[in-house]
Amino acid sequence: MARPREFDREEALDRAMRVFWAKGYASTSTEDLLSAMKIGRQSLYNAFGDKRKIYLEALERYQEESTNGHLERLNGAASPVSGMEALLLGLIADDESVRALGCMGVGAVGEFGAADPELVMLRSKVGPRLFKRLVERIREGQASGEVDSSIDAREAAAFVQMTMQGIQLGARGGADVKSLRMLARFAIDRLRSR
């Protein structure tokens with residue numbers, strides 16, 4: 001009879017996610033994972049498979065959670081411009097140790113680019129959802145006169161998403177809160193009606 005698992009799988013996965021988020025895939029060793037997850041080697045392999053499978057599962061969880069948070073901020077304000085501003089400003093943690101982590105998804109792009117089909121597929125599950133809602137919010141803003149009607153909504157949505165990546169990369173590179181918030185507000189101001 002097999003012994004029952006003696007750890008919380010979801011909690012262990014969350015701990016693994018934090019290690020990968022901080023260190024990336026290549027710099028995370030199996031020993032790092034075992035230590036953070038507080039499980040033995042055989043439990044790791046039995047419950048999760050190998051390092052790559054843990055990484056893919058952790059990245060998928062991270063992307064789903066962060067995308068849900070992005071959408072909450074984007075949709076949380078009646079004003080489309082305020083929603084987009086909340087989206088960008090919400091990326092910028094006051095806590096320097098959290099801010100320095102940047103974004104695990106952006107880190108994966110930096111580490112793997114588009115060379116890994118499984119990672120590209122994972123990104124394709126969340127990126128279009130946020131893009132679609134950004135386009136809708138921009139069009140809402142154009143209809144209400146809040147967003148410049150001469151801009152292309154799809155191009156503007158892509159601009160906001162690229163700005164998100166820039167903020168997260170800047171945070172990982174050590175940019176301070178004031179500079180990152182200035183960048184976020186500058187980007188949003190480009191969308192406003194004049």
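A polar contact here is a pair of N or O atoms within 3.5 Å; within protein, one must be able to donate a hydrogen and the other to accept it, and residues adjacent in sequence count only if both atoms are side-chain atoms. Helices are DSSP runs (H or I, at least four residues), numbered from the N terminus.

The model is predicted, so local features need pLDDT of at least 70 and side-chain atom pairs pLDDT 80 or more, while totals for chains, interfaces and linings use all residues. Residues count from 1 along each chain as its sequence is written, and side-chain values use heavy atoms, leaving out hydrogens and water.

**Exercise 1.** Find what sits at the start of α9 and what follows the helix.

*Solution.* 
1. Go to helix α9, residues 153-172.
2. At its start, a side-chain oxygen of Asp 152 comes to within 3.0 Å of the backbone nitrogen of Arg 154.
3. Past the helix you meet Gly 174, with a positive phi near 105°.

**Exercise 2.** Work out how the buried residues of α9 are arranged around its axis.

*Solution.* 
1. List the buried ones (under 20% relative accessible area, 1.4 Å probe, protein chains only): among them are Ala 153, Val 160, Met 164 and Ile 167.

**Exercise 3.** Describe the surroundings of Glu 136.

*Solution.* 
1. Glu 136 lies in helix α8, residues 117-144.
2. Its side chain makes a polar contact of 3.0 Å with that of Arg 133.
3. Glu 136 is partly exposed at 30% relative accessible area.

How values were computed. Helix = DSSP H or I, 4+ residues; strand = E, 2+ residues; numbered from the N terminus. Buried < 20%, exposed > 50% of the residue type's maximum accessible area, 1.4 Å probe, protein only. Expected span 1.5 Å × (residues − 1). Arc of directions from axis to C-beta.
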